[in-house]
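Q: I would like to learn how to read charged pairs and pockets in a model such as this one. Could we go through the features one at a time?

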Amino acid sequence: MALLESRGVSKAFGGLLALRRVDLAIEERELVGLLGPNGSGKTTLFNILSGLLRPTGGEVWFRGMRITKTGPVERSRLGLGRTFQIARPFAHLSALDNVLVGITFRSRHRQPSSADRRREAEKLLETVGLGDKAYWQARELSLGEAKRLELALALSTRPTLLLLDELASGLSPKGREEVIRFYGRLRERGLTIFAIEHSFRVLAQVADRLIVLDQGSIVADGRPDAVLGSPRVSAAYLGEDDG
């Protein structure tokens, strides 16, 4: 049984069909990359999987449960975490307080002590390389640092599966190399990862499998070397990589 599945998922915005009966399955501990040109439906698919949008048709399943009508908060508590292409931390809170928000609200039940929550938040900031900026306000962080803070916030909910939306977008080559190392660290934690990246070279180095979307439909699904080695996929769907 797959950890996450979409079965015949479609999404229409008025007369525009953004997704067309998308079937996919993510197995536990897989790292799967999602590629495709702008407007192919990648973010719409992530929004449906994370509960921000409901599909026009089809179903979403997680851990063998149908979650099609479940909201994002409940999905988070089930173990599904999410980051966004444009980082959305709480701008006026410190990095530490941002992570504490996730730790505090991840459960309806008994909370760990404030000291335990603080230690966990500090450890997560260390994990993403922000230990020395725990007391900086989120708005003071660079683009790369804001993305790392959002990753720490996603990890604070103790997810089983992470949907990562362009961690490497807008970063320098050095920043992208750091993102590749982050993917390795996340795998070491036993996480399942479904990731969108503009740079297919990033995903080619870390993914077990690549899925390519175009015009709302899956046009390729397989090992990175097979997908990226296809002239049709490379020319028609991946376009120019940012290096």
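Q: Is Glu 120 buried or exposed?

A: Accessibility is read in classes: buried means under 20% relative accessible area, exposed over 50%, and partly exposed in between, with a 1.4 Å probe and protein chains only. Glu 120 has a relative accessibility of 18%, so this residue counts as buried. Please keep in mind that this is a predicted model, in which local features need pLDDT of at least 70 and side-chain atom pairs count only at pLDDT 80 or more, while totals for chains, interfaces and linings use all residues. Residues are numbered from 1 along each chain as its sequence is written, and side-chain values use heavy atoms, with hydrogens and water left out.

Q: With which residue does Glu 120 form a salt bridge?

A: Side chains of opposite charge can pair when their charged atoms come close. A salt bridge here is a side-chain nitrogen of Lys or Arg within 4 Å of a carboxyl oxygen of Asp or Glu. The partner of Glu 120 is Arg 158, with 3.2 Å between the closest N and O atoms. Because Glu 120 belongs to helix H4 (residues 114-127) and Arg 158 to the loop between helix H5 (143-155) and strand E7 (161-165), the pair ties together parts that are 38 residues apart in sequence; helices (H or I, at least four residues) and strands (E, at least two) are DSSP runs, numbered from the N terminus. Arg 158, at a relative accessible area of 55%, is exposed.

Q: How many salt bridges does a search of the whole structure find?

A: The search finds 14 salt bridges. Among them is the pair of Arg 185 and Glu 178, at 3.3 Å from N to O; Arg 185 is partly exposed at 32% relative accessibility, and Glu 178 is partly exposed at 21%. Salt bridges with shared partners also join Glu 30, Arg 209 and Asp 221 into one network.

Q: Which residues lie nearest the centre of the largest pocket?

A: A pocket, on a 1 Å grid over the protein atoms alone, is an open set of points where a 1.4 Å probe fits, with protein on both sides within 12 Å along at least five of seven lines, and lining residues have an atom within 4 Å of a point. In the largest pocket, Pro 72, Ser 76, Arg 82, Leu 153 and Thr 157 lie nearest the centre, out of 23 lining residues. Helix H2 gives the largest share of that lining, five residues.
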